[in-house]
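Good morning, everyone, and thank you for making time for this short talk.

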Amino acid sequence: MGETLEMILNYSVNLDGLKKMITSPDEQRLVWPDSKFPFFDTEWLEKLAFNDGHRSYYCLMDGEPVGHLALRRTDDAHIRRIVFVVVAPHCRQKGIGRFMINEIEKICRREKLAEKLTLRVRSHNRIAKSLYEKCGYRVYAIEGTAMDMEKLLISF
Ligand SMILES: CC(C)(COP(=O)(O)OP(=O)(O)OC[C@H]1O[C@@H](n2cnc3c(N)ncnc32)[C@H](O)[C@@H]1OP(=O)(O)O)[C@@H](O)C(=O)NCCC(=O)NCCS
């Protein structure tokens, strides 16, 4: 790719870019299965609130938002959860999803945000599951269609 990719902290939790990337109720259900449709800003803002220790990031390609993911705080200070992963439909299959996961791991190591990352993917979402497997995430729990995956960022 000739384009420049970068991850930026969405400190003010601007939802405009994220909303544009979610183009149908089915897609929204992949990103957050229990969310209200149409997109209800308040519930997303609650889940992403910077002051509660959560962090939202945009992936910019040549300065334009083309991907989003967030880190949620967990009860364990060493573990954060990756949520709300989405790449704009017209930018998929170009390595942006993989770039975002790699970058967030670097950010977690550099800023000592987490020693382990977890995430949840639906078993029918084979594309996302394949992405996470290729990035080194392993299933540690299954509950119905929900598969919980994890990756250690530091070795003890
Ligand atoms: C899942 C998603 C984020 C992947 O983003 P992406 O930028 O297209 O992914 P990448 O180009 O980095 O591809 C990484 C890997 O994902 C898998 N993948 C991506 N697109 C795929 C496709 N159409 N078919 C099969 N596998 C695919 C492949 O394993 C790929 O590795 P490869 O390039 O070596 O084949 C994107 O499809 C998306 O936004 N989906 C809708 C929302 C969603 O499901 N979010 C995840 C919630 S848990």
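Before that, two remarks on how to read the model. Residues are numbered from 1 along each chain as its sequence is written. This is a predicted model, in which local features need pLDDT of at least 70 and side-chain atom pairs count only at pLDDT 80 or more, while totals for chains, interfaces and linings use all residues.

Let us begin with the ligand. There are 20 residues around the ligand, and the closest are Arg 92, Gly 97, Arg 98, Ser 130 and Leu 131; a residue is taken as near a molecule or strand if its C-beta atom, placed from the backbone, lies within 6 Å of it. Two or more residues of this shell are given by each of helix H2 (25-31), strand E4 (79-87), helix H4 (96-110) and helix H5 (126-134). These names come from DSSP runs, where helices (H or I) have at least four residues and strands (E) at least two, numbered from the N terminus. Which element gives the largest share of the shell? That is H5, with five residues. Sorted by class, the shell has ten nonpolar, five polar and five charged residues, where Ala, Val, Leu, Ile, Met, Phe, Trp, Tyr, Cys and Pro count as nonpolar, Asp, Glu, Lys and Arg as charged, and the others, Gly among them, as polar.

The buried residues of H4 are Gly 97, Met 100, Ile 101, Ile 104 and Cys 108. Seen down the axis of H4, these buried residues fall within an arc of 95°, so they line one face of the helix, the arc being that of the directions from the helix axis to the C-beta atoms. On the other side of H4, Lys 106 and Arg 110 are exposed. By buried I mean that 20 or more other C-beta atoms lie within 10 Å of a residue's own, by exposed that 12 or fewer do, and by partly exposed anything in between, with C-beta atoms placed from the backbone.

What do the buried residues of H4 pack against? They pack against strand E1 (5-9), strand E2 (55-61), strand E3 (64-73), E4, strand E5 (116-122) and H5, and two residues are in contact here if their C-beta atoms, placed from the backbone, lie within 7 Å.

E1 and E2 run antiparallel and are joined by five bridges, with Leu 5 having Met 61 in E2 as its bridge partner; two strands pair if DSSP finds at least two bridges between them. E2 also pairs with E3 in the antiparallel sense, over seven bridges, and there Arg 55 stands opposite Leu 71. Two residues lie between the strands in the hairpin of E2 and E3, where Asp 62 takes a positive phi near 50°.

Is strand E6 (residues 138-143) largely covered or in the open? Of its six residues the number buried is zero, so E6 lies largely in the open. E6 pairs with strand E7 (residues 146-152) in the antiparallel sense over five bridges, and Glu 143 stands opposite Ala 146 in E7. The hairpin of E6 and E7 has two residues between the strands, and in it Gly 144 takes a positive phi near 65°.

Let me finish with single residues. Phe 84, in strand E4, has a positive phi, near 55°, in a residue other than glycine, and Phe 84 is buried, with 21 other C-beta atoms within 10 Å. Lys 112, in the loop between H4 and E5, likewise has a positive phi, of about 50°, although it is not a glycine, but Lys 112 is exposed, with 10 other C-beta atoms within 10 Å. Finally, Pro 38 has its place in the loop between H2 and helix H3, and the peptide bond from Phe 37 to Pro 38 is cis, with omega near 0°.
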